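Please look over the sequence and the model before reading on.

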Amino acid sequence: MTGTWRLGVIPTLAPYLLPWLVPLLREAFPRLALVFREMKTADVLAELAQRRLDCGLLALPVSVEGLAIEPLFDEPFLLLAPRGHALAAKKRVRESDLLGERVLLLDEGHCLREQALSVCARAGALDATGDGDFRATSIETLRHMVAGGMGLTLLPALALRNGRERGDVAVVPFAEPAPSRSMALVFRANHPRARDYVGIAAFVRGHLPADVRGPSDPSAGRRRRS
């Protein structure tokens, strides 16, 4: 496992996963030169097609022909609520508790927005960004807007792994089955180092942080879009 590995990572994962993942990779593969780029899903897929990236770390589903898909882990969503909100006092919430609530989401182009929208649609929650009054471009902005009492939001577990409570906000887990997103390593199926990337994916699955769980997809490690 030598040479340069160019990996594109989505912004809602990169700052929370890479500080944990990079030291592990450097220890396990000391001769592998790591080059990371933080970019949205569409940009990762475009640069994979143009051979500017070797792999992407993306949220599923990814529906692009010619890509090998190695599921890595499932990451639960947590509810972020302002202090004093009725849901902030709960030990666990259900999707149905979001009925009629104002939920803040990321701007267009972030896959996390689409994943959170699907939860809101099932629960009957209101997309607070739909009327154009507010569109966040980062998870950190969402945190501050929740603290300011503008609404609730759903955040992935790794973004909150350094503490369940942050000042003016409360973090509440969902009752099972909790909503989650599935993360995967994707790369061109005909890449000359495809076997190496399968090995890296297996390594990551074997060293997951406690905040996430192994992929629910039983075909992990064998998925490929022809």
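Trp-5 is buried, with a relative accessible area of 2%, where buried means under 20% relative accessible area with a 1.4 Å probe and protein chains only. The model is predicted, so local features need pLDDT of at least 70 and side-chain atom pairs count only at pLDDT 80 or more, while totals for chains, interfaces and linings use all residues. Residues are numbered from 1 along each chain as its sequence is written, and side-chain values use heavy atoms, with hydrogens and water left out.

**The helix**
- Helix α5, residues 194–205, has 12 residues and spans 17 Å from its first C-alpha to its last, close to the 16 Å expected at 1.5 Å a residue, the expected span being 1.5 Å times one less than the number of residues.
- Helices (H or I, at least four residues) and strands (E, at least two) are DSSP runs, numbered from the N terminus.
- The buried residues of α5 are Ala-194, Tyr-197, Ile-200, Ala-201, Phe-203 and Val-204.

**Aromatic pairs**
- The whole structure holds 4 aromatic pairs, counted where ring centres of Phe, Tyr and Trp (its six-membered ring) lie within 6.5 Å, with planes under 30 degrees apart stacked, over 60 edge-to-face and the rest tilted.
- Trp-5 and Tyr-197 form a stacked pair, 6.4 Å centre to centre with 25° between the planes; because Trp-5 lies in strand β1 and Tyr-197 in helix α5, this pair ties together parts 192 residues apart in sequence.
- Trp-5, Phe-36, Phe-187 and Tyr-197 form one aromatic cluster.

Note on methods:
Buried means under 20% relative accessible area, exposed over 50%, partly exposed in between (1.4 Å probe, protein chains only).
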